[in-house]
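Me: I would like to go through this model with you. Could we begin with how the terms are used?
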Amino acid sequence: MRLKRFSVIAMALLAACKPPTPAKQMDSIQSWLATAELDGDAWLRHAAPDNYSRQTLELSRETLLQVSHDLLSSHPPGVDSAMLDSVLIRSRRHIGQMSRFIEAKNPPAFARQLDSLRADQKIVKRIANSIESGR
Amino acid sequence: MKKILQISLGIVTAVGGFLEIGSVVTAVQAGASFNYQLLWAVLLGTICLIFLVEMSGRLAAVSKHTIVEATRERFGFPFFFIVMIGMTLVAFLVLVAELGGIGLSLQILTGIGFPWWAIPVSFLVWLLMWKGTFGLIENGASLLGLVTLSFVVAAVRLHPDWGSAAHGLLPTFPGARKASYWFVAVSILGASISPSLMYFYSSGAIEDEWDESYIPINRLTATLGMSLGGFLSMAVLVVAALVFHPRGIDVQKFEQASLLMTTALPKWGFTLFALSMLFACFGAALEISLAIAYFFAQGFGWNWSEDLAPSRDARFCLTYTIIILLGAVPLLFGVDPVKVTVMSMALTSATLPLAIVPFIFLMNDPIYLGKHRNGWLSNSVVLIIILLSFILAVISIPLELIGG
């Protein structure tokens, strides 16, 4: 009886310990894309210093790499993995470019990358919505 | 005139010293993830804190005992020892978080990573404790902390929908992310109801030689000071709800939180946030280190006073020296102060009954308080809120840990 109770608790804990769902991972991806966008916008408005903005963009890029790797390696059902992968690679590239344009002090080029990032954000949002509605 | 000055200074220091990394991080996470929905937790925590701080001052003014001395005397050493272990562990985690908060503020200002600041910051905290007086620590740090009023300016400039915000003052059940919602609520309560603050406050009352004539001043200072402080926490939550929530930013890192005021105050918002965190965490690190040293010294019957020369209360000074040194170690290894903050605030909630229930017994003991004993209202309010936060903590901490 005790063994049975123990195994039920253990199974419940194991079930609860499962990795984050694709929807949660998409939330995290959207959160870090939005962080990069807000940071970029603040830098363009001279509301955030260079050092900080570059560090935050770098942090966003690294976290996006990690989360998207985890998400795509689990082959989430109902997700166009190829499309998601390509948009996330592109987003990370935009963020990397933004970081470089801060160093080069080139706001016009930075603004173009920021606009592209915003366009990618919309695509990611559509994919996230499709996962949400497919649940 | 002297009393008016004392009251004003008390309120100003209470406001300036109210925010620290715990209250800011939990309020930012609440606003970012749940819009105004968790304003009620800040309100509840502030109400409880007003009662507890008033009681701490009253106990010291009437009985001439600090909470620690009275707990040990009334309940005996074995029970006191259990309380001491629990409170010291939680307070130590909070100290790590505050030292980390200073390091993170300097990181965003200078670009130099926070682990590099662990030793210089700890040394500076220790130096101020070693050389400074109680007045300098209590008033100096809190006056600098008045820069946190910029959160209110930012909230007003963002033109929040005050009706929706007022709605958030009433508890609601979340539609989704239930475990996360209750975990953040518990963390807010833990950040608001800090037993270390009570120990610090009652020790301060003894350091300042309060007597029964201070009871009205204490009541006014606790009520107005903590209310205005709670208002500051609410302002942080409101700004986060307006800046992060619509963008879907779930704040996990300090770098994200640092963008809090760049929308409302484009020119100075970033610097004001960094300075607010720097001064608030610095003041809190001093207070927590002192609170732990007071706890040990008063519990073991050593000499203690921040106003004495270190040679006259050597063991008291040795305690804060060791604690501050140990507090720097996790940061040197790059432990994320934000994660330590959130966990320490939730653990504070879980351990609240250990500190508060014996305190309520003391506050009803005629030997210590005479005619100034607690009434039914203060007993009920505090016990209900403590019980609520304990139950929420016991349920939500495992859920949050398991759910990652």
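Reply: A pocket here is an open set of points on a 1 Å grid with protein on both sides within 12 Å along at least five of seven lines, and its lining residues have an atom within 4 Å of a point. Please note that the model is predicted.

Me: Which residues lie nearest the centre of the second largest pocket?
Reply: Those are Glu138(B), Leu197(B), Phe200(B), Tyr201(B) and Glu287(B), from a lining of 50 residues.

Me: And how much space lies in that second largest pocket?
Reply: The second largest pocket holds about 980 Å³.

Me: Which helix gives the most to its lining?
Reply: Helix H11 of chain B, residues 195-207, gives the most, contributing seven residues.

Me: How do the lining residues divide by class?
Reply: There are 27 nonpolar residues in the lining, together with 17 polar and six charged ones.

Me: Changing topic: how many residues are in contact between chain B and chain A?
Reply: On chain B there are 21, and they touch 22 residues of chain A. The area buried between the two chains is about 1,800 Å², with carbon and sulfur atoms giving 63% of it.

Me: Which three residues of chain B supply more of its buried area than any other three?
Reply: Leu259(B), Phe270(B) and Ile402(B) do; they supply 30% of what chain B buries against chain A.

Me: How many salt bridges and polar contacts are there?
Reply: The salt bridge count between chain B and chain A is zero. For polar contacts, the rule finds six residue pairs across the interface.

Me: Which elements of chain B give two or more residues to that side?
Reply: They are helices H5 (77-110), H13 (254-257) and H18 (376-403) of chain B. H5(B) has the largest share, three residues.

Me: What classes of residue make up the side of chain B that touches chain A?
Reply: That side has nine polar, eight nonpolar and four charged residues.

Conventions:
Residues are numbered from 1 along each chain as its sequence is written. Chains are lettered from A and ligands numbered from 1 in the order in which they are written. This is a predicted model: local features need pLDDT of at least 70, side-chain atom pairs count only at pLDDT 80 or more; totals for chains, interfaces and linings use all residues. Side-chain values use heavy atoms; hydrogens and water are left out. Contact means heavy atoms within 4.5 Å. Buried area is the accessible area (1.4 Å probe) that two parts lose on being put together, summed over both. A salt bridge is a side-chain nitrogen of Lys or Arg within 4 Å of a carboxyl oxygen of Asp or Glu. A polar contact is a pair of N or O atoms within 3.5 Å; within protein, one must be able to donate a hydrogen and the other to accept it, and residues adjacent in sequence count only if both atoms are side-chain atoms. Helices (H or I, at least four residues) and strands (E, at least two) are DSSP runs, numbered from the N terminus. Ala, Val, Leu, Ile, Met, Phe, Trp, Tyr, Cys and Pro count as nonpolar, Asp, Glu, Lys and Arg as charged, and the others, Gly among them, as polar. On a 1 Å grid over the protein atoms alone, a cavity is a set of points where a 1.4 Å probe fits but cannot get out, and a pocket is an open set with protein on both sides within 12 Å along at least five of seven lines; lining residues have an atom within 4 Å of a point. Grid points are joined across faces, edges and corners, and a volume is the space filled by probe spheres set on the points.
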